[in-house]
Amino acid sequence: MANDKRAWWKEAVVYQIYPRSFADSNGDGIGDLNGITEHLPYLQKLGVDVIWLSPIYKSPNDDNGYDISDYRDIMTEFGTMDDFDRMLSRAHKLGLKIVMDLVVNHTSDEHLWFIASRSSRDNEYRDYYIWKDGKDGKAPTNWQSFFSGSAWEYDRTTGQYYLHCFTKKQPDLNWENEKVRNAVYDMMTWWCEKGIDGFRMDVISALSKDPAYPDGEVTDGIYGNIRPYVCNGPRIHEFLQEMNKKVLSKYDIMTVGETAEVTIDEAKKYANNDGSELNMVFHFEHVETDATTRPILGKWGYDHPDLKKLRAILNKWQTELEGAAWGSLYWDNHDQPRAVSKFGNDSPKYRVVSAKMLATLLHMMKGTPYVYQGEELGMTNMTFGSIDECDDVEEINAYRQYVEEHKMISPEEMLKCISAVGRDNARTPVQWNADKNAGFTTGTPWFTVNPNYKEINAEAALADPDSVFYYYQKLIRLRHENDIIVYGTFHPLLEDDENIYAYERRLDGKVLTVACNWADKEVPCCLFDDLSGEELISNYKEHKHGTLLPYEARAVLV
Ligand code: ISL
Ligand code: CA
């Protein structure tokens, strides 16, 4: 097993739930905890091991729960702590673990800590947040928040600015303050004592800020780049090691850090095999291959990802983490467009086959795979025709800044970008059946249901043995049955091929060969011609000698 110690979280598949859009149990149009509890058997059927819940804590919902006003209470629309306890114990009975989102880079401005902090300069909570004087009548630095606009907000009561990497209703906690750190560790311990199974840590790479607070490089003529001064800062590993000692190491839980700007060298520290920090991290390189086409607008672009770029990135992470740190595998989450639309082909002809191809490519790699709600159904992107149809604060703020204020891009172009990469694509309600509102709610859904729900929904998938759902089910089962999928080493194949993504996994003398056709046409491929092994999975029943059919994927074990 080379360098890998066995661990349950290495063998697990994680399913992410965005509760607001998952299932509504009481007809108010908003997904809730009881809706999740009702659908646990569906997840058990899919075969996943762990559920990661996007935030369910008390929140005024400026950023759909990523702005928390009370870490020890449940969001009113989602239910009560009793509902939570019931969901947790029901999940455990079904053999499903529950991982919570931990959002501790910032709180809501409605958290009691911030209300106290902003009340006066000598309040005992003042130092829980990052307050600075202005510079020449302007903000302390030129930093742009991750969600457009300045990262600083002037607060008249005390005449200083506070830092917010995200919206102005998400003030950053001051991790230099030991009291903040201990308060967070106490809160984490409280949840662990309740019996939860781990944490997904929101923008955890941003906890330690550059103490010099320098201006950032200005690339779009408006604000400076904040990222070099807040991501992977000088004390980040010290903080996480402290968190590990004081909380994480005391429980048999899994941890995954969402680490903006993480490099492979940094990932080797965050997710080191020595277990001193986290189990694994999410990097962004493979989902950002299209962002560079529009440098002026940061993430906003709509080019189809280039296979060569993507392959080089994924292969690099696979080979360089080997033996040093564990990895995570994902295409989709609540911040990303739908994988089949972005990386595959969501036309009626190729949606199913390309969704299965993407699943094969990812689930046969080394690392812990994450499935985002609806991905197992091959749910697709939306088309947004007007900014009024959008909900996401990132999209709305970017539209205001780039279209309305600075007129850098036309409304049509920006809506094209939002429809291609905006976070709202992931946040339309889960399509359960062909009934009204896709069976998500009996009331009025809080957000538009994708009009394609009559064809794409869970009920239809469960009735069709060739559905994307059953393909995911099989991939998950294969991972549980074959150590080579979990622990085998990774070796790239055909690294220069125009259309095929191929690799091998090796363990104890066995070889698993995986090849995926990234194109909507037949392409030559001889990898399987002389291979007389067992086909573990493929999205085609019949193959053609010497070729891969459009979006064909195959995994053969010898
Ligand atoms: O910078 C990124 C990638 O390089 C971003 O994707 C960044 O990591 C992301 O915006 C942070 O996301 C997380 O924190 C946000 C919240 O809105 C997102 O939903 C959450 O996943 C603020 O809490
Ligand atoms: Ca509800």
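## Calcium site and salt bridges

K541 sits out in the open, with a relative accessible area of 68%, which makes K541 exposed. This is a predicted model, so read every value here as computed from it.

K541 makes a salt bridge with D466, and the closest N and O atoms are 3.1 Å apart. That pair ties together distant parts of the chain: K541 is in the loop between β18 (534-538) and β19 (547-548), D466 is in the loop between α15 (458-462) and α16 (468-481), and the two are 75 residues apart. D466 itself is partly exposed at 39%.

Over the whole structure, the search turns up 36 salt bridges. Here are three of them, with the N–O distance for each:

| Salt bridge | Closest N and O atoms |
|---|---|
| R6 with E11 | 2.7 Å |
| E238 with R235 | 2.8 Å |
| K541 with D466 | 3.1 Å |

In the R6 pair, R6 is partly exposed at 48% relative accessible area, and E11 is partly exposed at 25%.

Now for the metal. Which protein atoms hold the calcium ion (ligand 2)? The donors are D24 (OD), N26 (OD1), D28 (OD), I30 (O) and D32 (OD), lying 2.2 to 2.3 Å from the ion. Along the chain they follow the spacing D-x1-N-x1-D-x1-I-x1-D. Is D24 buried or exposed? D24 counts as buried because its relative accessibility is 10%, under the 20% cut-off. D28, at 36%, counts as partly exposed.

How values were computed:
Residues are numbered from 1 along each chain as its sequence is written. Chains are lettered from A and ligands numbered from 1 in the order in which they are written. This is a predicted model: local features need pLDDT of at least 70, side-chain atom pairs count only at pLDDT 80 or more; totals for chains, interfaces and linings use all residues. Side-chain values use heavy atoms; hydrogens and water are left out. Donors are N, O and S atoms within 2.8 Å of the metal (3.2 Å for Na, K and Ca); water is not among the atoms, so sites may look incomplete. Buried means under 20% relative accessible area, exposed over 50%, partly exposed in between (1.4 Å probe, protein chains only). A salt bridge is a side-chain nitrogen of Lys or Arg within 4 Å of a carboxyl oxygen of Asp or Glu. Helices (H or I, at least four residues) and strands (E, at least two) are DSSP runs, numbered from the N terminus.
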